[in-house]
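This note is meant for a colleague who is meeting the structure for the first time. Please keep the sequence and the model in view while reading the points.

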Amino acid sequence: MPDIFKLNMQPIKMNLNSVFAVFCIVAMNCSASQAVEVSGLIQTSLSHNDNWQSYQNQGTGIVRFEDNQINLQQAMLRAQWDVSSAFSVDVVANYYEDGEQNLGFTQAQILYKPISQAKIRYKARAGFFYPRIFLENIDTGWLSPYTYTQSAINSWIGEELRIAGMELSLFSPGRVRRSPWSWEVTAAVFKGNDPLGTLLSWRGFAMHDRQSLHNDRVAFAPYPSVIDEQLIWHPNFVEPFHELDGKLGTYVGVHVNYFNQSTLRYYYYDNRADPLEVNDLRLYACRTKFHALSWQHNLSKQTRFISQWLSGSSVMGNRFVFINFDAWYLMVSHSIGEHRLSLRYDRFIVQEDDDIPADMNSSDGLGVTLAWRYDINANWQIGLEQHFNQNSAQNRIPLDLPIEANQHQSLLVMQFRW
């Protein structure tokens, strides 16, 4: 990315009052233009956790919080500007108390969608954005309206996957063809996602709702085989949005909808990174590619079934790290008036097949998440969530930790949006 888009790499320390002040100033300035729509969301939570040290604090636990504490779970500001009937701008900024960087952008994109009466239409977008692989994270700011702890798949996507590039789509609404079927095909080229797969290789999948900010740094435990100069010699962190080899990555996707009842999405992603490239921070490019399939079916007006499957591989260096990964989830969500109850089951596996036995990369686990959310009014929501997971990671052995972990997290969440 050009230097003008680079944020300060130093952690930004701000208290909650400062965050509110910044958000309010930006919102008032943006609201001066009638064409700009500004929205925001604040979530605070009271969490009860076991004593596993979180990956956020360079531990091996796979949930975001540890111990019992009050958290600023989410603070998000979104600005949408309709430049013309065809062009619009969409920018999302986030603040987090935890992590290496606290304030920054998670999305910034220009969208082009001309008005058309044709049976086959087109649209495009460019910037820093998510591929539309998911059917879980459909709320504003790429949040989930179902649970607070997201699936293992989308937790990883929020951490390591973002597109700095361009996407073109062809689509055909069923109503213009008097058909129950609508379809869309999409393709993109991008840069800036070469380290994708680093976290899966060493930490494995995690389950949380924190999205990495542009130029963010995600830490993990100091595994001896990773940081040892005689073995891999990689820092115990990754900055996921680097461009290392100058090559374009690509993805293609297909969306199919049947009325408003059933939706199916398939994507193939390949960052086409050169696994031998390394930068001055000792961050390696990972050649990462995967297939992703998502399906949502509305069983009734109140009940929907959502599932997702992800399968791929990642290689770093001359095969000194090579993993195959698979993950999937099944979720049922039911609404009664202003109440929504969601239950999700996750399964995730990482298997190594590399040339350095001392660097153990295999991990696996399962998770069960039950969440209740109640909309008090248009602005306020309260929610409860109980999450359990069982996970194992072979690279806990050199840290003198048990391979197996049983983790739980209880959340009481208060949310305000405008």
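The numbered points below cover the basis of the model, its nonpolar cores, its aromatic pairs and its charged contacts.

1. Basis of the model. This is a predicted model, in which local features need pLDDT of at least 70 and side-chain atom pairs count only at pLDDT 80 or more, while totals for chains, interfaces and linings use all residues. Residues are numbered from 1 along each chain as its sequence is written, and side-chain values use heavy atoms, with hydrogens and water left out.

2. The largest nonpolar core. A nonpolar core is a set of buried Ala, Val, Leu, Ile, Met, Phe, Trp, Tyr and Cys residues joined through side-chain atoms within 4.5 Å; buried means under 20% relative accessible area, exposed over 50%, and partly exposed in between, with a 1.4 Å probe and protein chains only. The largest such core has 36 residues, and the members that touch the most others are W156, F205, Y251, Y269, F290 and F325. At least two residues of this core come from each of α2, β7, β11, β12 (286-298), β13 (303-316), β14 and β15. Helices (H or I, at least four residues) and strands (E, at least two) are DSSP runs, numbered from the N terminus. Strand β14 gives the largest share, five residues.

3. In soluble globular proteins, nonpolar side chains tend to be buried together.

4. Surroundings of Y251. Contact means heavy atoms within 4.5 Å. Leaving aside residues up to four places away in sequence, Y251 touches a set of residues that includes R125, F129, I163, E167, F190, Y267 and Y269. Y251 also belongs to one aromatic cluster with W156, F190, F205, Y267, Y269, F290, F325 and F348.

5. Aromatic pairs. Rings of Phe, Tyr and Trp (its six-membered ring) pair if their centres lie within 6.5 Å; planes under 30 degrees apart count as stacked, over 60 as edge-to-face and the rest as tilted. The whole structure contains 24 aromatic pairs. The pair F190 and Y269 is stacked, because the ring centres are 5.3 Å apart and the planes meet at 20°. This pair links distant parts of the chain, with F190 in strand β7 (residues 181-191) and Y269 in strand β11 (residues 262-270), 79 residues apart. Both F190 and Y269 are buried.

6. A tilted pair. W328 and Y345 form a tilted aromatic pair, 5.7 Å centre to centre with 50° between the planes. W328 lies in strand β14 (residues 321-336) and Y345 in strand β15 (residues 339-352), 17 residues apart. W328 counts as partly exposed at 33% relative accessibility, and Y345 counts as partly exposed at 31%.

7. Charges over rings. A charge sits over a ring if NZ of Lys or CZ of Arg is within 6 Å of the ring centre and within 35 degrees of the ring normal. R319 lies over the face of F322, 4.0 Å from the ring centre. The charged end of R396 sits over the ring of W52, at 4.8 Å from its centre.

8. Salt bridges. A salt bridge is a side-chain nitrogen of Lys or Arg within 4 Å of a carboxyl oxygen of Asp or Glu, and the structure holds 17 of them. One of these joins E184 and K123 (3.6 Å, N to O). Because E184 lies in strand β7 and K123 in strand β5 (residues 121-129), the pair ties together parts that are 61 residues apart in sequence. E184 is buried at 9% relative accessibility, and K123 is buried at 19%.

9. R417 is partly exposed at 21% relative accessibility, whereas D139 is buried at 19%.

10. Where does D98 lie? D98 is in the loop between β3 (87-95) and β4 (103-112), and is buried, with a relative accessible area of 17%. A polar contact is a pair of N or O atoms within 3.5 Å; within protein, one must be able to donate a hydrogen and the other to accept it, and residues adjacent in sequence count only if both atoms are side-chain atoms. The side chain of D98 makes such contacts with the side chains of Q56 at 3.0 Å and R64 at 2.7 Å. A network of salt bridges links D98 with R64, D209, R210 and D216.
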